[in-house]
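Trainee: I'm new to this one. Please walk me through it.

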Amino acid sequence: MNQPNPASRHFQGLIERGTSRRSAARVRVDRAFSLACLGITLIAVLALVILLASILIEGASGLSWSFIQNYASRIPDQAGIKAPLFGSIWVASICAIVALPVGVATAVYLEEFAAKNRFTNFLRINISNLAGVPSIVYGILGLTLFVRMFGLFGPVQNPAFEVGGETFAIYYDSMGEPLRVPVADRNETPRLVTGSIGYMQDIFDGPDGELIFTNDWSPIPLTIVNADADFSPAYGVITVDNAVEPIDFEIEKSWYYVQFPFGQTVLAGGLTLMLVVLPVVIISSQEALRSVPGSLRAGSMAMGATRLQTVWKVTLPASIPMIMTGAILAMSRAIGEAAPILVLGVALFITDVPQNLMDAFTVLPMQIYNWTSRPQEEFRALAATGIIVLLGVLLAFNAIAILIRQKFSRPLQ
Amino acid sequence: MQLVPRIVATVGIAAIATAMLGATGIQDLRRLRGSITIDGSSTVYPITEAIAESFKKAAPNVKVTVGVSGTGGGFKRFAANEIEISDASRPIKGSESKACKDAGVDYIEIPVAYDGLTIVVNKGNYWVESMTVEDLKKIFLSDSSAKTWNDVRPDWPDRAIKIYSPGTDSGTFDYFKEVVAGKKGTIRSDMSVSEDDNVLVRGVAGDEGAIGFFGAAYYFENEDSLKAVPIRNKAGKNVLPSATTIENGTYNPFSRPLFIYVKAGSARKPYVRAFVHFYLKNAAEAAREVGYVGLPEAIYQRATKAFNTGRTGSAFLDEKGEKKSGPITELYK
């Protein structure tokens, strides 16, 4: 038998004294405490259950394929959530794709590479503080930084730089039929061959409710046309005159079309949400890296691995399950945010889904908020249905994170 | 380089077309293409949404997007050249007009509907039968804040007043403030404020001493749980808000016009023109569908004329940019 050391004998004594003296009272306090904890947990769970139940009761009946497939409408029965659903998926995906690598890389630098000095301490403190900044502040930042780009590249509707789009200057003939002239960019005035074209002056209601454009038009002197342009205005009238500004521009966008400034587009929205969640991602990734035992790193280094190899092969794989937990929290926040998106000035009523990074979008929380603030009761039921869809999107994103977590949470070999 | 002969041919076609169609030709909205960006008041939003929804069916290739940045936020984007049309639940302010002018943005002012601002009290409020603007001043102004109903009129009971108000940056609040407090007065700050009018509805419905105000649409939807207060109009009559009294102007001074402001530069584009004409043609019906009241037909006709002749500027501002007050039927010619 081992001789018990003095310390353990001391504790043994304490325990015996306690048991003998106030054992019953202590057990009662202990039980009361655990009951209190259970009660508090139940309150939290109950609140969640009530919330979910009330939403399901109010909204589940409205859930249908047409609700997913339709755009917003003034008639509650026909209103759907297609545009905000796709918009939310777009911005959340962009947010995840940008925020996760950037956030994890920052955490890796701060935890694994950076020396512990005043500068890195300053960085750490700032990142912690940023996590507490209200999201609407990031919205204002996103508006200046991404949507308007400090006004450096001109107004949103007339961007100075465009990549991946074919630009057409638009004129109209006397019947309102567009004449599209290919130009290099919005600053180029179409090359003169000859011509002038009119546009209609007035539109009136016809007897059968159709709109009637009168021929009371005034010719605009027009610079036409790059000679190879496919040009056939239906009723155009052409006279020779000097150049005029195009009435409009049309951009045929390729999938990689990008304009500077971004304007109220999915890319600007996704990047703004990235700003909102980045501090959360960094901090949770830092925690994850810190939880990896130092012995693993030491072992890897002892085998002759470089720091990069250690991070890539040992530390990161070991911490990915925890990083993904942080990612779930971050994405949940990003999908639920309305305030920063609203500040960007994005539209609410849209009848298209985004096709590329430079398309307009709207998000689920904005549509849900708008429906809840409508006077008609039916719209509030729609809001509940919208919340169910929002929860669905949230669960889908979290499921992806959980799959990744499962893949990496094998025991270390 | 084959263009010249083609041009001759086109001129020929045009001449024939003109001869065939006579003075007018029918424009098929389906042929229009373009995109229209609209932003501004969340009060006007339901009307614009309804119009945009119908317009989409008539002109499927015109992309219309509508935002809800608020009247002030909408005018900011309007002056920044970011949008074609600005929704507004009040006339443009002198400062906003100046910002547009400085940015080179001319605008055409188009009234689209009426909203009757409704003063409501709890269903259990038995003592209020009508109110005057003077009564409201006693309740809402910061320098004469009545604490109890008794402070407003001596024959009313000694009950605490609880005030529910829309957000101070909403057009609804601006309009109420203008009527009750005028230019210099201020509205008291110890009120329950919410951006969501449904919260105000619930607040007033649940508190016997409560008073609040919001757009008539919220009252019409909640007539069972709220009591609207008849307001003494300029003719000395106590009038309740209803579609009739708002439209014929007897519900004053709390019926306010709602507007859209169209960028004059954008009015050259056929699809914007078609949209605005479509809007004016369907505004009364759309307004009624979403809980507002249509304007008198004469106003829509004046608006159509203003748009067709490209008349820029606001009827609610004088030459110096000072605000003009009065009913829209007199100011908007």
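Trainee: Where does B:Val229 lie?
Mentor: B:Val229 sits in the loop between β9 (226-228) and β10 (231-232) of chain B. Helices (H or I, at least four residues) and strands (E, at least two) are DSSP runs, numbered from the N terminus. Keep in mind that this is a predicted model, in which local features need pLDDT of at least 70 and side-chain atom pairs count only at pLDDT 80 or more, while totals for chains, interfaces and linings use all residues. Residues are numbered from 1 along each chain as its sequence is written, and chains are lettered from A and ligands numbered from 1 in the order in which they are written.

Trainee: Is B:Val229 buried or exposed?
Mentor: B:Val229 is buried, because 21 other C-beta atoms lie within 10 Å. The rule is 20 or more other C-beta atoms within 10 Å for buried, 12 or fewer for exposed, and in between for partly exposed, with C-beta atoms placed from the backbone.

Trainee: Which residues is B:Val229 in contact with, leaving aside its neighbours within four places in sequence?
Mentor: Those are B:Ile119, B:Val120, B:Val121, B:Val128, B:Ser130 and B:Met131. Contact means that the C-beta atoms, placed from the backbone, lie within 7 Å. B:Thr118 is 111 residues from B:Val229 in sequence, yet the two are 7.6 Å apart in space, C-alpha to C-alpha.

Trainee: What are the domains of chain B?
Mentor: Domain 1 is 4-114 + 257-331, and domain 2 is 118-247. Those bounds come from an automatic or database domain assignment. The domain centres, taken over C-alpha atoms, are 33 Å apart in chain B. Domain 1 of chain B puts 15 residues into the contact and domain 2 of chain B puts in 13.

Trainee: What classes of residue does domain 1 of chain B use there?
Mentor: Its side has 6 nonpolar, 8 polar and 1 charged. Ala, Val, Leu, Ile, Met, Phe, Trp, Tyr, Cys and Pro count as nonpolar, Asp, Glu, Lys and Arg as charged, and the others, Gly among them, as polar.

Trainee: Now helices. How do α11 and α12 of chain B pack?
Mentor: Helix α11 (residues 270-289) and helix α12 (residues 297-308) of chain B meet at an angle of about 175 degrees, with their axes 10 Å apart. Axes here are lines fitted to C-alpha atoms, for helices over the stretch in contact, and angles run from 0 to 180 degrees between N-to-C directions. The pair is therefore roughly antiparallel. That label applies over 145 degrees, while under 35 is roughly parallel, 65 to 115 roughly perpendicular and the rest oblique.

Trainee: Which residues meet between α11(B) and α12(B)?
Mentor: B:Val276, B:Leu280 and B:Ala283 of α11(B) meet B:Tyr300, B:Ala303, B:Thr304 and B:Phe307 of α12(B). By class that contact has 6 nonpolar, 1 polar and no charged residues.

Trainee: And how many residues of α3 in chain B are buried?
Mentor: Of the 9 residues of helix α3 (residues 71-79) of chain B, 7 are buried, so the helix is largely enclosed by the rest of the structure. The buried ones in α3(B) are B:Thr71, B:Gly73, B:Gly74, B:Phe75, B:Arg77, B:Phe78 and B:Ala79. Their cover includes β2 (34-40), β4 (85-88), α4 (94-102), α7 and β12 (255-263) of chain B. After α3(B) comes B:Asn81, with a positive phi near 65 degrees.

Trainee: You mentioned α7. Which of its residues are buried in chain B?
Mentor: In helix α7 (residues 171-181) of chain B they are B:Gly171, B:Thr172, B:Phe173, B:Tyr175, B:Phe176 and B:Val180. Just after α7(B), B:Gly182 has a positive phi of about 70 degrees.

Trainee: Switching topic, where are the cis peptide bonds?
Mentor: One joins A:Phe260 and A:Pro261, with omega about 0 degrees. A:Pro261 is in the loop between β7 (248-260) and α6 (266-290) of chain A. Another joins B:Asn252 and B:Pro253, with omega about 5 degrees. B:Pro253 is in the loop between α10 (243-247) and β12 of chain B.

Trainee: Last one: how many helices and strands are in each chain?
Mentor: Chain A has 11 helices and 8 strands, and chain B has 13 helices and 12 strands. In chain A, 39% of the 413 residues count as buried; in chain B, 48% of the 333 residues do.

Conventions. Two residues are in contact if their C-beta atoms, placed from the backbone, lie within 7 Å.
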